[in-house]
Structure formats: structure tokens, C-alpha cells
Amino acid sequence: MKYRCCFKSPFGFVKIEGDFDKVTSIKLTELPESDSDTVPDELNKCRIQLEEYFDGKRKSFSFKFSIDGTDFQKRVWTAIMNVPYGKTASYKEVAILAGKPEASRAVGTATKSNKLWILVPCHRVINSNGFIGGYGGNEQIKKALIKLEKRNS
């Protein structure tokens, strides 16, 4: 069974979905959605930790999650999760960490498929020339997240 909770963040409404014991999706939405009749502990834990992150009080997460994807996508997301809070890495650096140095563009595609916003911090991945690059259609959010982390590092 799927469960859901939603809350307002500085960047819009955040919808968290999952099953009873883990989070499977975190994403921004334009409109709020109602919480499920029952909101499991892991989803509530995720919400609280994300609120702390947005307040600059949390740099890592400890809720249970799972993410579906190809082996390469999972390697990319793991590499991105290892980019330290307040730091950035290039698509090329992430490709190297994921074991495919020639796959910078594929890293970009994998970041667009990320279903766990903030937990897999794709906002930390930038172009090799230092430019921000795309971010799910909203570069302002990417810049703001990088700024939030740098300010609280």
C-alpha cells in the first residue's frame, strides 16, 4: 500500500511517498496534497528531517528509503549521495565515481530520473566549467539549495 504526506517548504510543496517502512519518493509539487489517513513513521521522520534541512539544522538523513533504477542510475545516485554537504561535483566527476568516466551526459539523464529529491542531492552536481546547469527545469532552486548548504557548512 502507498502512503503519502505533504508539507510546505521554502521551494514549494514537498510530497513524500512510501510504503509502511520506507520512503520511495520525495518530490516538489505545485499544489498541496492531502496526507494519507495513516502516515507511517518513516514518512514522518523524512518530513521532520527535510524541515530541519531547510532550516539549516541538518546535513544528513537517517530515514529508511529505497529507490528503483538501473544499475548505472543507482551507481550515479550513490556517487551523488557521497558529495559532501555544502560542496559540488561536476557531471564528469560523478561519472568517474560511478565507474563510467565517459558517461557525463548519462549522469545528467540519471539525475533527471532521481525520485528522492534532496536525499539524492542532484543540486550538488554542476557543469565542469562551474556553471550551475539544469535542474529539473528550475535553476533558481538549484542555486538556492547550493547557497543554503554553503551558508550552513
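In this predicted model, Thr 24 is in contact with Lys 2, Glu 17, Gly 18, Ser 66, Lys 115 and Leu 116, its neighbours within four places in sequence being left aside. One of these contacts is also polar: the side chains of Thr 24 and Lys 2 make a polar contact at 3.1 Å. Thr 24 belongs to strand E3, which spans residues 22–29. Its relative accessibility is 18%. The limit for a buried residue is under 20%, so Thr 24 counts as buried.

Strand E3 is part of an open sheet of three strands. The order is E1-E2-E3, and the pairing is antiparallel. E1 (3–9) and E3 stand at the edges. Each has a single partner strand, so one side of each is left without a neighbour in the sheet. From one strand to the next, the twist averages 20°.

The E1–E2 pairing is antiparallel and runs over seven bridges. A hairpin of two residues joins E1 to E2. Ser 9 has Gly 12 of E2 as its bridge partner. Further along, Cys 6 stands opposite Lys 15 in E2. Five of the seven residues of E1 are buried, so E1 is largely enclosed by the rest of the structure.

Strand E2 (residues 12–19) is joined to E3 by seven bridges, again in the antiparallel sense. Phe 13 is bridged to Thr 29 of E3. Glu 17 is bridged to Ser 25 of E3. E2 is mostly covered, with seven of its eight residues buried.

Ile 16 shows how a residue of this region is surrounded. Not counting residues up to four places away in sequence, Ile 16 touches Tyr 3, Arg 4, Cys 5, Phe 7, Val 23, Ser 25, Leu 43, Cys 46, Arg 47 and Leu 50. Ile 16 is also among the residues with the most contacts inside the largest nonpolar core. Strands E1, E2 and E3 each give two or more residues to the core. So do helices H1 (41–54), H2 (71–81), H3 (91–97), H4 (104–112) and H5 (139–151). In soluble globular proteins, nonpolar side chains tend to be buried together.

Helix H2 was examined for its buried side. Phe 72, Gln 73, Val 76, Trp 77, Ala 79 and Ile 80 are buried in H2. Seen down the helix axis, the buried residues of H2 fall within an arc of 160°, so they line one face. An α-helix has 3.6 residues a turn, so residues three or four places apart point the same way. The buried residues of H2 pack against H3, H4 and strand E5 (125–126).

Asn 82 lies in the loop between H2 and strand E4 (89–90). Its relative accessible area is 56%, and Asn 82 is exposed. The cut-off for this class is over 50%. A polar atom of the Asn 82 side chain lies 3.0 Å from the backbone oxygen of Thr 78. Asn 82 and Tyr 135 are 53 residues apart in sequence, and their C-alpha atoms are 19 Å apart in space.

Notes: Residues numbered from 1 in each chain as written. Predicted model: local features only at pLDDT ≥ 70, side-chain atom pairs only at ≥ 80, totals over all residues. Heavy atoms only, no water. Helix = DSSP H or I, 4+ residues; strand = E, 2+ residues; numbered from the N terminus. Buried < 20%, exposed > 50% of the residue type's maximum accessible area, 1.4 Å probe, protein only. Polar contact = N/O pair within 3.5 Å; in protein donor to acceptor, adjacent residues only side chain to side chain. Contact = heavy atoms within 4.5 Å. Pairing = 2+ DSSP bridges. Axes fitted to C-alpha atoms, helices over the stretch in contact; angles between N-to-C directions. Core = buried A, V, L, I, M, F, W, Y, C linked by side-chain atoms within 4.5 Å. Arc of directions from axis to C-beta.
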